[in-house]
Each structure stands twice: as C-alpha cells, then as structure tokens.
Amino acid sequence: MSLHVVVGFGPAGAATARLLAEQGHSVRVVTRTGRSPEPGIEHLALDATDREGLISAARGAAAIHHCAAPPYHHWVRAWTPLVSSVCAAAEATGAVLVMLGNLYGYGPVDGPMTEELPLAATGPKGRVRAAAWEQVRTRHEQGRVQAVEVRAGDFFGPGVTDGGHLAGRVVPALLRGKPVSALGDPDAPHSWTYLPDVAAAMAEVAGEERAWGRAWHIPTGPARSVREMADRLAAEAGAGPAVVRRIPPAALGLAGLFSPLLRELKEIRYQFDRPFVVDSSAYEAAFAVRATPVDEQVKATLDWWRARPTTG
C-alpha cells in the first residue's frame with residue numbers, strides 16, 4: 001500500500017484519512033496544530049502554506065488530498081497561497097493532487113449543474129474557488145502536476161457539525177422536538193453530498209489515472225429540500241413532524257452584524273432561494289463509488305449525533 005498525505009482534518013479530511021487508513025494505506029495528516037496519532041494515521045503539525053515544509057512532508061507520497069479550507073470569512077485572501085503551496089508540493093514530489101472542490105465556482109445557474117458548465121461565479125468566494133481549480137488545471141495541462149478535482153454539494157452526515165446546513169443548527173433541535181431554521185426557501189430542491197461518499201470518491205480518483213486532468217461531481221443522491229430532509233430526520237428520530245421556519249432576510253442581515261459567518265452567507269443565498277441541483281451522472285458512469293441511499297445516510301447521521309454528549 002501507499003503513503004497518502006491529507007491536508008486538513010475537518011470533516012472531509014478526517015473521513016478521507018480514516019478511510020485510506022482502513023484501506024491499508026499509510027496516512028500523514030497535515031494541520032496547523034497536529035493531533036495525537038491514530039491507527040494508521042500520523043498527524044503532523046505544519047502550516048500548509050509552508051511550501052518547503054509541505055514538500056518535505058509529501059516526499060514518497062502517492063497522493064496529496066487537499067481538504068483544507070481557511071476560515072470562511074478569510075477565503076478571498078487565504079485560498080491562493082494555500083493552493084499554490086499544495087501545487088508546489090505535488091510538483092516537487094510527483095504525488096497525484098486530489099482537490100476537494102465545491103459548487104460555488106458555477107455561480108447561479110438554471111437547471112442541474114454538470115461539470116461542463118463554465119466557472120462563471122460573480123461573488124468573491126465563488127471566483128476564488130474557480131481560480132483555484134484553474135490554477136491547478138493549468139499546471140496539469142503543462143505537465144507539471146497530475147491533478148483532479150472532485151466537487152461536492154453541501155456536506156451531510158456523521159462528522160458534519162457547525163459548517164453544515166443540515167447539521168449543528170438542525171439535528172440537535174430535531175432530536176429535542178424543537179423547530180429548526182432554514183436559510184432561504186425550505187422547499188427548494190437542494191443537493192446534499194454524504195460525507196462518507198466524499199471520502200470514498202477522494203480515495204477512488206487518486207488511483208484512477210483516467211480521472212486526472214478534470215473535475216468530477218461526487219456521487220450525490222436526488223435533490224431534496226431542507227424540509228424534506230428535516231422530515232426524514234425527525235421521522236427516523238421518532239420526534240414527530242419537523243417544524244421548519246425560514247430565516248427572514250432582515251433577521252439574517254441583523255445577525256450578520258455580529259457574526260462573520262452569517263455575514264458571508266449573503267453571497268450564497270441564491271443556493272437556497274432557488275433549486276440547487278448537482279448532476280453526478282458522469283462520475284457514476286466512469287467509476288465505482290455510488291451515493292449512499294438516503295435512508296442509510298439519515299440513520300447513520302442520527303446515530304452519530306445521538307452519541308455526542310452535547311445532544312443529550
């Protein structure tokens with residue numbers, strides 16, 4: 001088996017690192033603070049923008065999985081140096097670069113999103129995500145790196161907490177039979193990508209040379225509204241019908257005066273005010289990973305939240 005370097009240990013990085021270790025690979029995780037080692041996983045304290053340090057950490061690796069993300073309100077200034085450093089490490093070591101992307105780069109679109117759509121985002125966070133992939137793709141086309149990007153919808157599942165729109169603001173409240181608040185139209189179709197499927201796709205494309213050089217949408221189940229997902233979670237929890245309330249735009253604007261995260265969410269309101277649907281059929285036609293059935297997603301997610309002491 002091979003050495004894989006995972007940059008970042010948020011929900012996606014942790015899930016990817018643990019899956020790779022379960023598959024028998026040696027895994028080195030790079031984060032600013034480091035952590036205690038886990039079976040099959042070495043944790044290294046290193047700022048990933050330190051090019052020479054990251055090159056040293058990645059020597060001998062078959063793949064570098066870029067799962068790190070700066071704080072949401074620092075994206076515009078922090079993404080470019082981070083991606084440049086990861087690219088430099090891949091170029092210096094020959095490791096395949098597997099980028100975890102999202103759907104911001106497309107901007108508002110009509111109809112389901114496919115990989116053929118132009119990266120035409122108009123907001124600053126969407127533009128910076130699009131530019132990051134263009135930087136990587138250009139280096140791939142120049143023969144400097146071997147790279148691939150996999151793009152996810154909003155994360156859902158075990159391990160997704162404060163950063164998920166069906167996570168910390170929703171699941172604990174549903175488990176207590178309380179109302180939940182939704183950003184935008186709670187009945188608009190929305191794509192949710194299950195976190196274990198993210199990890200499975202990250203691991204799969206690292207070893208699939210025919211995947212390299214382009215972006216792929218991670219296998220994602222049919223789009224379901226916030227209300228439908230809340231109803232499914234509430235039914236599985238035995239908590240009665242879910243009560244879903246839309247956050248009024250004025251209230252969101254007021255909250256944004258005190259919360260950098262909520263202030264930044266204004267840019268992506270369109271993702272919740274209208275259908276936001278990802279088409280992952282290209283990936284599914286080419287590779288083995290499939291979206292986990294939604295009933296399994298819901299059960300595993302609730303089991304994970306129930307096991308957390310904060311939800312009691």
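Helix α3 spans residues 75-93. Its 19 residues reach 27 Å from first to last C-alpha, close to the expected 27 Å at 1.5 Å a residue. The expected span is 1.5 Å times one less than the number of residues in the helix. Helices here are DSSP runs of H or I with at least four residues, strands are runs of E with at least two, and both are numbered from the N terminus. G94 follows α3, with a positive phi near 80°.

The structure is a predicted model, in which local features need pLDDT of at least 70, side-chain atom pairs count only at pLDDT 80 or more, and totals for chains, interfaces and linings use all residues. Residues are numbered from 1 along each chain as its sequence is written, and side-chain values use heavy atoms, with hydrogens and water left out.

Helix α4 covers residues 124-141. It has 18 residues and reaches 25 Å between its first and last C-alpha, close to the expected 26 Å. Its buried residues (under 20% relative accessible area with a 1.4 Å probe, protein chains only) include V128, A130, A132, W133 and V136. The charged side chains of K125, R129 and R139 belong to residues on that list too. G143 comes after α4, and its phi is positive, near 80°.

Strand β8 runs over residues 180-182 and holds V180. V180 is buried, at a relative accessible area of 2%. Contacts are heavy atoms within 4.5 Å. Leaving out residues up to four places away in sequence, V180 touches R169, V170, A173, L174, V243, V244 and R245. V180 and A12 lie 168 residues apart in sequence, and their C-alpha atoms are 25 Å apart.

The protein chain as a whole contains twelve helices and eleven strands. Its radius of gyration is 19 Å, close to the 20 Å of the globule rule for 312 residues, so the chain is as compact as a globular protein of that length. The radius is taken over C-alpha atoms, and the rule is 2.2 Å times the number of residues to the power 0.38. Along the principal axes, the C-alpha atoms fill a box of roughly 55 × 40 × 40 Å. Of the 312 residues, 53% count as buried. Among contacts with a separation of 6 or more, 74% link residues 24 or more positions apart.

Conventions:
Buried means under 20% relative accessible area, exposed over 50%, partly exposed in between (1.4 Å probe, protein chains only).
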